[in-house]
Amino acid sequence: MNVTHPRPRATRTAALAAALAAVLLAGTACSSKADGKSTTDGADGVKAGPGVSDKAIRLGALTDLTGPYATLGKSIVQAQQMWADETNAAGGICGRKVEIVVKDHGYDVQKAVTAYADISPDVVALPQVIGSPVVAALLDDLERDHMLTFPQAWAASLLGKDSVQVLGTTYDLDMIAAVDFLTRTKKVAEGDTIGHVYFEGDYGANALEGSTWAAEKAGMKVVGQKIKATDTDLSAQVSALDKAGVKAVLISAGPAQTASLAGVAASKGLTVPIVSSAPGYAPQLMKTPAAKALEAMVHVVSAAPAVSSDLPGVRKMVASYAKKYPGSPADSGVLSGYNAARLIGADLKKACEGGSLTREDVVEAHRSQHDADTGLGTPQDFTDVSVPASRSTYVLKPDAEAVGGLVGVEEAHQAPGVDAYLAARG
């Protein structure tokens, strides 16, 4: 893969400031080698490395503000900036102000690799990287640099790395939960065929693993329809699924694809249940012509609760977000981004207590957390790199009147068979 040289810093900074004025860029963090091995002792005796100075802790975000997940990217960026502002107002972390440097890759792997090369010498961790293909391309670099990274991607292929933490469940577990939901609620039965529309790449492939396994255990079969992120008209896929006689459809794609699937299926008379992975839904869909079909046919499986949840932590976050960003909807991206920021904040605080904010020690602090609970969902265990941090999934449903466009249908629970599936996968 050829990596183009980054533009001069002045040009980059000016462009980013124009795009995201709210993001803190000015910093006094020390610049060091990207591998994170160069360290210094701070004035307060805390050991520091790349991204940390006596006055600042710099974090990085590789996001999508112009591609298929632009809505998600904006929500995550704003939520994490809100966390940084709240943290700094309360005195910062380890006596240092938190700064977040944001780079937009537009869901383009090449651009993401270039952006990582640009910011990696000057940040201590990445509380946001959007896209399974992006994270996959950076895995070796993230491990080499000991860069604690929270992907906004949930492919099981991202497990097994000390520096990379998949938060919550993985796509395969969510689809196992989806098949279990369809079976328990008698929307499908033994002998039925389930359709599965999925993005090419790790996201879709991992989701298909879960649906295929669960369907086989339930005496059903899955008919897959692989699509690209640029496919926004699913008429052909709906026709194929209709011809196959599916009794339900799973979708592991983006919001545009979920809207097309539901809208086209309803118009063609294929009024079967649809269950989406969490990245496949956005509240903006409820203002499209597909809104009625979405409310009537779709459920969403997610490791996080609905933003309309009565959890005190979620309600407080929603109120703060509405005050800080009036006019911006509080969606699942806000919850996901804020949760990730709070978790990385806890890791930084724990590392500081141990006397070191080097990348390696931040990763070690993170991996020592076995019951991390931000009050925004279910507790998570980060001690075993080989398994998902959580095995519990919520079932949600679109609702145009609800905050975030979703309401809870089932509280978080572990679907039967998840332990056996993970054991068999090794």
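Is Cys94 buried or exposed? I opened my notebook with that one, and the model I am reading is a predicted one. Cys94 turns out to be buried, with a relative accessible area of 17%, and the cut-off for buried is under 20%.

**Entry 1: two residues with positive phi**

I stayed with Cys94 for a moment and looked up its backbone. Its phi is near 60°, a positive value in a residue other than glycine. Most residues other than glycine have a negative phi, so I wrote this one down. I found Cys94 in the loop between H2 and strand S4 (97–104).

Lys186 gave me a second case, with phi near 60° and again a positive value in a residue other than glycine. Lys186 sits in the loop between H5 and S7. At 74% relative accessibility I log Lys186 as exposed, whereas Cys94 is buried.

Next I followed the chain into S7, residues 193–199, and asked how many of its residues are buried. I got 7 of 7, so the strand is mostly covered. I then checked each side of S7. On one side Thr193, Gly195, Val197 and Phe199 are buried, and on the other Ile194, His196 and Tyr198 are buried too, which leaves both faces covered.

Which strands pair with S7? I noted strand S8 (residues 221–227), which pairs with S7 in the parallel sense over 7 bridges. In that pairing, Thr193 stands opposite Lys221 of S8. To get from S7 to S8 the chain passes through helix H6 (residues 202–217), and I have this β-α-β crossover down as right-handed. I also noted strand S9 (residues 248–252), parallel to S7 over 5 bridges. There, Ile194 has Ala248 in S9 as its bridge partner.

**Entry 2: aromatic rings**

I looked for aromatic pairs and the structure holds 6 of them. For Phe199 and Tyr203, the ring centres are 6.0 Å apart and the planes are at 85°, so I wrote the pair down as edge-to-face; the cut-off for that label is over 60 degrees. Phe199 and Tyr203 are both buried. I also saw that these two belong to one aromatic cluster with Trp154 and Tyr171.

**Entry 3: the largest pocket**

Trp154 came up again when I turned to the largest pocket, where it is among the residues nearest the centre, along with Gln152, Ala278, Ser332 and Ser336. The space in this pocket is about 640 Å³, and I count 43 lining residues. By class, I have 22 nonpolar, 18 polar and 3 charged residues in that lining.

Which elements supply at least two lining residues each? My list reads helix H2 (70–89), strand S6 (148–152), helix H5 (171–184), helix H8 (255–268) and helix H11 (332–353). H11 gives the most, with 5 residues.

**Entry 4: a three-stranded sheet**

Last, I looked up an open sheet of 3 strands, in the order S1-S2-S12 and with mixed pairing. Strand S1 (40–41) and strand S12 (356–357) stand at the edges with a single partner strand each, so one side of each has no neighbour in the sheet. S1 pairs with strand S2 (residues 47–48) in the antiparallel sense over 2 bridges, and I noted Lys47 in S2 as the bridge partner of Asp41. As a reminder to myself, strands of a sheet pair through backbone hydrogen bonds, either parallel or antiparallel.

Methods:
Residues are numbered from 1 along each chain as its sequence is written. This is a predicted model: local features need pLDDT of at least 70, side-chain atom pairs count only at pLDDT 80 or more; totals for chains, interfaces and linings use all residues. Side-chain values use heavy atoms; hydrogens and water are left out. On a 1 Å grid over the protein atoms alone, a cavity is a set of points where a 1.4 Å probe fits but cannot get out, and a pocket is an open set with protein on both sides within 12 Å along at least five of seven lines; lining residues have an atom within 4 Å of a point. Grid points are joined across faces, edges and corners, and a volume is the space filled by probe spheres set on the points. Helices (H or I, at least four residues) and strands (E, at least two) are DSSP runs, numbered from the N terminus. Ala, Val, Leu, Ile, Met, Phe, Trp, Tyr, Cys and Pro count as nonpolar, Asp, Glu, Lys and Arg as charged, and the others, Gly among them, as polar. Rings of Phe, Tyr and Trp (its six-membered ring) pair if their centres lie within 6.5 Å; planes under 30 degrees apart count as stacked, over 60 as edge-to-face and the rest as tilted. Buried means under 20% relative accessible area, exposed over 50%, partly exposed in between (1.4 Å probe, protein chains only). Two strands pair if DSSP finds at least two bridges between them. A crossover is right-handed if, with the strands pointing away from the viewer, the path from the first strand over the helix to the second runs clockwise.
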